[in-house]
Amino acid sequence: MAATGGGGRSCFVLGGSGETGRALLKELLAQRAFGRVTLIGRRRLSLGEAEAAVEQAVVDFERLGEHAAAFQGHDVGFCCLGTTRAKAGADGFVRVDRDYVAQAAELARAGGCKHFVLQSSRGANAQSRFLYLRVKGEVENLVQAVGFDRCTILRPAVLLCKRQESRPMEWIAQQFLGAVARVFPTAYSVPVETVARAMVACGLQPGEGKVKVLENGAIHELGKAVPQQGT
């Protein structure tokens, strides 16, 4: 069994291949926050030196109910799972960002998970006329309805990162927002590393109510408050 420290607590990460997911895994290992860290995804990831410190469970999201064992025995679940309408189409986007996440949450709760930490989006609203924001709002509601002891939802603004895949228009937007962020650091964007640190902090802090929603400014504050490795 892979171990990273952190006593006997266990967590899983959904969406570990994405930008926030990779930053989250790096932060979890750097802080040695959990004794067991499991990546749940559709394929194994090449993790380099971190390979021995992380368990990986490969699942078929179209038949997720057959993989209930992957979700058993975790104290905290971190979810960064998501795609884009451009990449998956409208139906695929809804299936990944809402349906997969909701079913994973149900399996996690049945497997004993007490705290679910969900990366959502600024402006999430189940009544929105915009598909992206509506789906994010719907999945927030579905996850809350699962009945975790604690549910933390993070609503970051535009994510600042260096993507492995090419998204030219997003790159242009990030260059502009990166410049704006130097003047208004918490207004319109947030680095994925800050989101990752905030997610880990949420998973480690004592409970403050059953449901907690962190907007972009709170994510900045909490993410910056977590000590950096070696400090």
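Helices H2 and H3 run roughly parallel to each other, a label for angles under 35 degrees. In this predicted model, local features need pLDDT of at least 70 and side-chain atom pairs count only at pLDDT 80 or more, while totals for chains, interfaces and linings use all residues. Residues are numbered from 1 along each chain as its sequence is written, and side-chain values use heavy atoms, leaving out hydrogens and water.

Let's stay with that first pair. H2 covers residues 85-110 and H3 residues 131-146; their axes come within 9 Å and cross at roughly 10 degrees. Helices here are DSSP runs of H or I with at least four residues, and strands are E runs of at least two.

Now turn to H1 (residues 19-31) and H5 (residues 192-204), which pack at about 50 degrees with axes 8 Å apart. That angle makes H1 oblique to H5, and the crossing is right-handed. H1 contributes Ala23 and Leu28, among others, while the H5 side includes Val195 and Met199.

Next comes the open sheet, whose seven strands follow the order S3-S2-S1-S4-S5-S6-S9 with parallel pairing. S3 (55-58) and S9 (211-214) stand at the edges with a single partner strand each, so one side of each has no neighbour in the sheet. From one strand to the next, the twist averages 15 degrees. S9 pairs with S6 (residues 150-154) in the parallel sense over four bridges, where pairing requires at least two DSSP bridges. Thr152 stands opposite Lys212 in S9.

Notes: Axes fitted to C-alpha atoms, helices over the stretch in contact; angles between N-to-C directions. Parallel < 35°, antiparallel > 145°, perpendicular 65-115°, else oblique. Left-handed = near helix turned anticlockwise from the far one by under 90°. Contact = heavy atoms within 4.5 Å.
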